[in-house]
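Open the structure in your viewer and keep the selection tool ready. The stops below say what to select and what is there.

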Amino acid sequence: AAVQQDSPAAIAGVQPGDFLLSMNGDSIGDPIEWPDRVRKLAQSKKWIALEVNRPSKAGKEELVTLEMMPRIPDWLEAPQTSNTPMSCPALGIAYHVVNFVHRVVPNSPADKAGIRSLDEIIRAEIIKGQDDPRAIEYNKIEFSEEARNWPLFIQLIQSISPQSEILLTVKRHDEEQKITLKPYIPDPAGDGLVMYYPYRGFELQAIKRVRYARSIREGLRMGWDKTVESLGMVYRFLSKIGGQVPLTAMGGPIMIAKVSYFSVLEGAGQFLVFLTILSANLAVLNFLPIPLLDGGHMLFLAYEGIRGRPPRERFVVALHMIGFVFIIGLMLFVFALDLGLIPRNL
C-alpha cells in the first residue's frame, strides 16, 4: 500500500501495488505476525529476499525478487483507525490484509467453530462480557475491498476481557452464517504464535511534570504562552478537519461536560488549563468569517472600510441566513455525535 522514503524496502525497489508472495523462499505466512518475523531477522543481521508480483504496463504481472537488509525498529506501529494498513517497520512497508481465510490453526476456536479455508469474513462484532467496564471504540467492524480492517480488528481484540466473545459473519458459497468465537491466548511454545501487541495487559500512564511560576511576572508569561499555544492548536485542528482529522472527531456540550469533569478530577490547575483551551476554541470559532458571528461582522466592516459604503442590506440578510443555517446544522451534528446517533468510527 505504501513504502517509506529511504527505507530498506524503498532502497531495494519495492513499489506500492506490489503483491507480497514469499520471503527467503518461504511463504509470507500470517500477515499479522510477519513484521515480528522480519524484526527477528533484522536482529540476526540476515538479508531478506522478497518475491513480489508487480503489475506491468501490458496489464500482466511479472515476478520480481528484491533483496534488502532490514533495520531494527525501536518503535511500535499499530493500526488505530478504520482501513489502516498493516506496517512492517523493519522494512518500511505498509500493506493491506485481505479478509479471506487462507489457513485455520488446528484445534483453535476457529477450527472448532467450523471456519474453513477460502471463507470470507465480512463482519465482526465484539460482544463484551457481563459487567465488563472496558470501553471498545469499534465494536462492529466491516470487511471488504473498501474496508480492509483485519489489522484493526486484530489490534482491538488484544485488549478485550477474557469474558468477551467475537461474533463473525462468514460468507461461504454465497451464503452467510454467523459464528461465535471465544478468543484464547495461544502458547508460543506450542504452536509458534507470538503475542502481537507487547503492551497487552498494561495500562501505561504518561509521565507529567508540573511547572510552577516563581513570580507574578513569570505566571503571566506562562499564561500568555499557553493561550497562544492553545489558539495555534485550534487553528491547526480546524485546518486538518476533513483531511487528517475526521468530522466525527468534533464534540458538543455533552463531550465538553465529560472532558471538564475529568479535568476537575486531575486538579484545579488542569481544570484551568482546560478552560484556557475551551476559551481559545470559542475565540477562534467566533472570529471565523461566518456571517452572524463576530468574524462575519468584521468582514462586513472591512468591506465598508475598503469600498466606503456598507454592503446592500438584502445581501447582508441573505448571508446571515446562510450563516444561521450553517450554525444550526453544526449544532445538530455535534449533538448527534454526543448522543451516539452518528457513529464516530465512520
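Select Asp174, which sits in the loop between S10 and S11. Helices (H or I, at least four residues) and strands (E, at least two) are DSSP runs, numbered from the N terminus. This is a predicted model, in which local features need pLDDT of at least 70 and side-chain atom pairs count only at pLDDT 80 or more, while totals for chains, interfaces and linings use all residues. Residues are numbered from 1 along each chain as its sequence is written, and side-chain values use heavy atoms, with hydrogens and water left out.

Asp174 has a relative accessible area of 71% and is exposed. Here buried means under 20% relative accessible area, exposed over 50%, and partly exposed in between (1.4 Å probe, protein chains only). The phi of Asp174 is positive, near 65°, although the residue is not glycine. Most residues other than glycine have a negative phi.

His173 is found in the loop between S10 and strand S11 (175–181). Its phi is also positive, about 55°, and His173 is not a glycine. Is His173 buried or exposed? With a relative accessible area of 73%, His173 is exposed.

Now go to the other end of S10 and select Ser164. Ser164 is in the loop between helix H4 (150–156) and strand S10 (165–172). Ser164 has 1% relative accessibility and counts as buried. Show Ile127 as well: Ser164 and Ile127 are 37 residues apart in sequence, and their C-alpha atoms are 5.6 Å apart in space.

**Aromatic rings**

How many aromatic pairs does a search of the whole structure find? The search finds five. Rings of Phe, Tyr and Trp (its six-membered ring) pair if their centres lie within 6.5 Å; planes under 30 degrees apart count as stacked, over 60 as edge-to-face and the rest as tilted.

Select Trp34 and Tyr95. This pair is edge-to-face, with 5.5 Å from centre to centre and 75° between the planes. Trp34 belongs to helix H2 (residues 34–43) and Tyr95 to strand S7 (residues 93–95), so the pair ties together parts that are 61 residues apart in sequence. Both Trp34 and Tyr95 are buried.

For another group of rings, select Phe143, Trp150 and Phe153, which form one aromatic cluster.

**Helix H2**

Return to H2 and colour its buried residues: Trp34, Pro35, Asp36, Val38, Leu41 and Ala42. What covers these buried residues includes strand S2 (19–23), strand S4 (48–55), strand S6 (86–88) and S7. Step just past H2 to Lys45, where phi is positive, at about 55°.

Begin in the loop between helix H5 (188–191) and H6, where Val210 lies. Val210 has 56% relative accessibility and counts as exposed. The C-alpha atoms of Val210 and Gly269 are separated by 9.2 Å, and the two residues are 59 residues apart along the chain.

Next show helix H7 (residues 253–265) and helix H8 (residues 268–286), whose axes come within 8 Å and cross at roughly 150°. H7 is therefore roughly antiparallel to H8. Axes are lines fitted to C-alpha atoms, for helices over the stretch in contact, and angles run from 0 to 180 degrees between N-to-C directions. Angles under 35 degrees count as roughly parallel, over 145 as roughly antiparallel, 65 to 115 as roughly perpendicular and the rest as oblique.

Which residues make the contact? From H7 they are Ile256, Val259, Ser260, Ser263 and Val264, and from H8 they are Gln270, Phe271, Phe274 and Leu278. Contact means heavy atoms within 4.5 Å.

End on Val234, in helix H6 (residues 216–240). Val234 is buried, with a relative accessible area of 5%. Leaving aside its neighbours within four places in sequence, Val234 is in contact with Ala280, Asn281 and Val284. Finally, select Met69: its C-alpha is 42 Å from that of Val234, and the two are 165 residues apart in sequence.
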